[in-house]
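Here's a quick briefing to read with the structure open beside you.

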Amino acid sequence: MSPMEIAVVGLNHKTAPVALRERFSVSPSNLPEALSAFTRTTGLSSCVILSTCNRTELYTLLPEVNGALGKVRNFLSEYHKVDEADFRSALYTKKGEEGISHLFRVAAGLDSQVLGESEITGQVKQAYQAAHAVRCVEKPLHLLFQRSLRVAKRVRTETGIGRGLCSIGSVAVEMAEKIFGELSRRSILVIGAGKMGEVTARHLFKGGARTVFVSNRSFERAKVLAERLKGKAVQFDALPEMLGEVDIAISSTAAPHSVVTKETVTEVMKKRHGRPLFLIDISVPRDIEPEVNDLENVFLYDIDDLEGITRSGFEERKREMERGLSLIEEELVKFLPLLKPFLSRG
């Protein structure tokens, strides 16, 4: 057999807008099915799928000479039902050292839309664990992902990359403050009781929000989060009513389709008597239909719209980023000799 090499194939916020990224999103509950489809379609036995709001990436082992890369692209097209011509220009492939270095940067938050964001390390770990659970991780990928988590911890410990705005939730809250000024007189609805929703809600309270409501398909999960935050849980089917009452709604569910439609918001706005409604959609796939932005006095921002705010803190963290990249280069030099014996096949 020919030697193998680590490869990553994917698209992210730098190469594809959210309208394209959401078509390739894989929810955590669907990862086992997607991994099974990958091995069946490509004939490759090892894969980790990292799917977040910023990216969908497939980490795998490719024979160096037999054209398996085309099979990976075919899988993306067939599984997600997207014509390859629609995403070819957005897709990147990084092999060998480049692919390894890429994962180190991703895990450390150095390749994120929000530089230094804290959630991505956990998402990398969860992606690895999901693949490991279905026996889709051979030794090279096992070593790679274990090392990437150690590298991420070192970067976060030895640099200041995590200071300031380092999560999508915190950036979303800053955007709300820019629109409304102080949040102390504002009522806010957080749709989704997962990690992103919790991070967002905590930042809202730190910002002085008067009232925070939490809504989730599982009312029990909404209650648990609302109790921790001294907020109030509301039933998911009460969303239209709540949208008529609150000033700001931040949506971060894992739903595969829209949970807030233009039709719903059109009816809501009839009852608001001209009061503006500010909506932030930080989910991929998007929770709120983009056409909602066409309505008068409705201001909808999706995850790509946050880029302007994330850039505002970039210069302050640029030096820390450079330090992080230097650490990654050190780790790469140490890691490659450990990996090499597992990639050579005779």
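Start with β1: M4, I6, V8, G10 and N12 point one way from the strand, E5, A7, V9 and L11 point the other way, and all of them are buried. That's the pattern you'd look for, since in a regular strand the side chains alternate between the two faces of the sheet. Bear in mind that this is a predicted model.

**Strand β1 and its partners**
- All told, 9 of the 9 residues of β1 (residues 4–12) are buried, so the strand is largely enclosed by the rest of the structure.
- One partner is β3 (residues 55–63), which pairs with β1 in the antiparallel sense over 9 bridges.
- Within that pairing, V8 sits opposite Y59 of β3.
- β4 also pairs with β1 in the antiparallel sense, this time over 4 bridges.
- Here G10 has Y92 in β4 as its bridge partner.

**The nonpolar cores**
- The largest nonpolar core holds 63 residues, and Y59, V124, L141, L144 and F145 have the most contacts inside it.
- Apart from that core lies another one of 32 residues, with C53, M196, F278 and I303 among them.
- Which residues does Y59 touch, leaving aside its neighbours within four places in sequence? They are A7, V8, S46, C47, V48, L50, G99, H102, L103, V106, L141 and F145.

**A buried loop residue, L91**
- L91 belongs to the loop between α4 (84–87) and β4 (92–95).
- Is L91 buried or exposed? With a relative accessible area of 18%, L91 is buried, because the cut-off for that is under 20%.
- Setting aside neighbours within four places in sequence, L91 is in contact with V9, G10, L11, R73 and L76.
- L91 and A16 are 75 residues apart along the chain, yet 8.3 Å separates their C-alpha atoms.

**Helices packing on α7**
- Helix α5 (residues 96–107) and helix α7 (residues 139–158) have axes that come within 8 Å and cross at roughly 45°.
- That angle makes α5 oblique to α7, and the crossing is right-handed.
- On the α5 side, I100, L103, F104 and A107 do the touching; they meet L144, F145, R147, S148, V151 and A152 in α7.
- Helix α6 (residues 119–133) packs against α7 too, at an angle of about 165° and with the axes 10 Å apart.
- So α6 is roughly antiparallel to α7, and α6 passes α7 in a left-handed crossing.
- For this pair, T121, V124, K125 and Y128 of α6 make contact with H142, F145, Q146, S148, L149 and A152 of α7.

**The parallel sheet**
- An open sheet is built from 6 strands in the order β7-β6-β5-β8-β9-β10, with parallel pairing.
- β7 (232–234) and β10 (298–302) stand at the edges with a single partner strand each, so one side of each has no neighbour in the sheet.
- On average, neighbouring strands in this sheet are turned by 20° against each other, direction ignored.
- Strands β8 (residues 248–251) and β9 (residues 277–281) run parallel and are joined by 4 bridges.
- In that pair, I248 stands opposite F278 of β9.
- Helix α10 (residues 219–228) packs on the sheet, where it touches β6 (211–215) and β7, and its direction makes about 165° with that of β7.

Terms used
Residues are numbered from 1 along each chain as its sequence is written. This is a predicted model: local features need pLDDT of at least 70, side-chain atom pairs count only at pLDDT 80 or more; totals for chains, interfaces and linings use all residues. Side-chain values use heavy atoms; hydrogens and water are left out. A nonpolar core is a set of buried Ala, Val, Leu, Ile, Met, Phe, Trp, Tyr and Cys residues joined through side-chain atoms within 4.5 Å. Buried means under 20% relative accessible area, exposed over 50%, partly exposed in between (1.4 Å probe, protein chains only). Contact means heavy atoms within 4.5 Å. Helices (H or I, at least four residues) and strands (E, at least two) are DSSP runs, numbered from the N terminus. Two strands pair if DSSP finds at least two bridges between them. Axes are lines fitted to C-alpha atoms, for helices over the stretch in contact, and angles run from 0 to 180 degrees between N-to-C directions. Angles under 35 degrees count as roughly parallel, over 145 as roughly antiparallel, 65 to 115 as roughly perpendicular and the rest as oblique. A crossing is left-handed if the near helix is turned anticlockwise from the far one by less than a right angle, and right-handed if clockwise.
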